[in-house]
Amino acid sequence: MKIKRYKHARRYLNFYRNIFHFRDPHQILIDGTFTQMALRYKTDIKDQMPKYLGGEVQLLTTKCAIAETESLGSELYGASLILKRFLVRKCGHRPNPVSASKCFMSLVGEKNENHYFVATQDPDLSREVHRIPGTPLVYINFNAIVLEKPSAFSQHEGDEVATQSVTSGHQTDTLKQIKKSVFGEEEQKKRRRRKQKGPNPLSVKKKKKKKVDPSQMRKKTEEGKTRRTRKKVKIAKHVKEHLQQKATAENR
């Protein structure tokens, strides 16, 4: 299961690198819900995140995310302490902080030009992230960090990038392989079987009739005639003797 999870992560990262030009170090915005889940399942984010993504990472948060986590009370005290260990990205919401979801979406913007990853367990924030093409979403499933499959918006953006920027046949083949590995094989169209047709009557040569000599035809007909044969009737022996006696008597 672990090997399969890592393979999927490599495929998805390959998609983001080729389509949206993501590069190391990966910038990951983390909110309090993510650190709370990591604390519950004892997941070391600093140790596991670079291993899972296979490269250098920058773990980031904002003042707004820290303030929101602290405002939720003592239950998230440990999560807020973990957040404070990360680099704080300036968001421009001071002195009036907003929710972590609004803060993160303001940093991501409409195109995610800074190539942020968003690490959260918040379903509302996840839905917002799905709408921004080229924005990877990271969450924790039990004690495992998971990179979510690219959203439909990201896939659509990838199709547009392919039609606009891809020029050579080699690049198109490479892009098809990437999409195939990420989104799976497309359903093949069913081909109709063509019915076997006979030869074209116009192209078929007609057989020439051989001329036959009439004398040969007569011979064949004569040879073919069968002679009629009379059937022999067997006469009984006593009848033969009677006929012979009668014939001798007449001769006298």
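Student: What is the relative accessible area of Pro50?

Tutor: Pro50 has a relative accessible area of 24%, so it counts as partly exposed. Buried means under 20%, exposed means over 50%, and partly exposed is in between (1.4 Å probe, protein chains only).

Student: What should I know about the model before going on?

Tutor: This is a predicted model: local features need pLDDT of at least 70, side-chain atom pairs count only at pLDDT 80 or more, and totals for chains, interfaces and linings use all residues. Residues are numbered from 1 along each chain as its sequence is written, and side-chain values use heavy atoms, leaving out hydrogens and water.

Student: What's pLDDT, and what does the protein average?

Tutor: pLDDT is the predictor's confidence in each residue, from 0 to 100. The protein averages 83, and 71% of the residues score at least 70.

Student: Which elements have the lowest and highest mean pLDDT?

Tutor: Helix α10 (residues 214-224) has the lowest, at 60. β4 has the highest, at 98. Where pLDDT is low, the predicted coordinates should not be read in detail.

Student: Back to Pro50. Where is Pro50?

Tutor: Pro50 is in helix α3, residues 45-53. Helices (H or I, at least four residues) and strands (E, at least two) are DSSP runs, numbered from the N terminus.

Student: Which residues does Pro50 touch?

Tutor: Leaving out residues up to four places away in sequence, Pro50 touches Ile45, Gly55 and Val57. Contact means heavy atoms within 4.5 Å.

Student: New topic. Which residues does a cis peptide bond join?

Tutor: Asp24 and Pro25 are joined by one, with omega about -5 degrees. Arg94 and Pro95 are joined by another, with omega about 5 degrees. Most peptide bonds are trans.

Student: Where do Pro25 and Pro95 lie?

Tutor: Pro25 is in the loop between α1 (2-20) and β1 (26-30). Pro95 is in the loop between β3 (87-88) and α6 (100-108).

Student: What about phi at Asn112?

Tutor: Asn112 has a positive phi of about 50 degrees, although it is not a glycine. Most residues other than glycine have a negative phi.

Student: Is Asn112 buried or exposed?

Tutor: Buried, because its relative accessibility is 1%. Asn112 sits in the loop between α6 and β4 (116-119).

Student: What joins the side chains of Asn112 and Thr135?

Tutor: A polar contact of 3.5 Å. That term means a pair of N or O atoms within 3.5 Å; within protein, one must be able to donate a hydrogen and the other to accept it, and residues adjacent in sequence count only if both atoms are side-chain atoms. The Thr135 side chain also reaches the backbone oxygen of Ile132 at 3.2 Å.

Student: Is Thr135 buried or exposed?

Tutor: Thr135 is buried, at 6%. Its contacts include Tyr16, Val108 and Ser154.

Student: Last bit. How many bridges join β5 to β6?

Tutor: Four, and the two strands run antiparallel. Two strands pair if DSSP finds at least two bridges between them. Ile140 has Ile145 in β6 as its bridge partner.

Student: What's in the turn?

Tutor: β5 and β6 form a hairpin with two residues between them, and Phe142 in the turn has a positive phi of about 60 degrees. Phe142 counts as exposed because its relative accessibility is 54%.

Student: Which β6 residues are buried on each side?

Tutor: Ala144 and Val146 on one side, Ile145 and Leu147 on the other. Both faces of β6 are covered. In a regular strand the side chains alternate between the two faces of the sheet.
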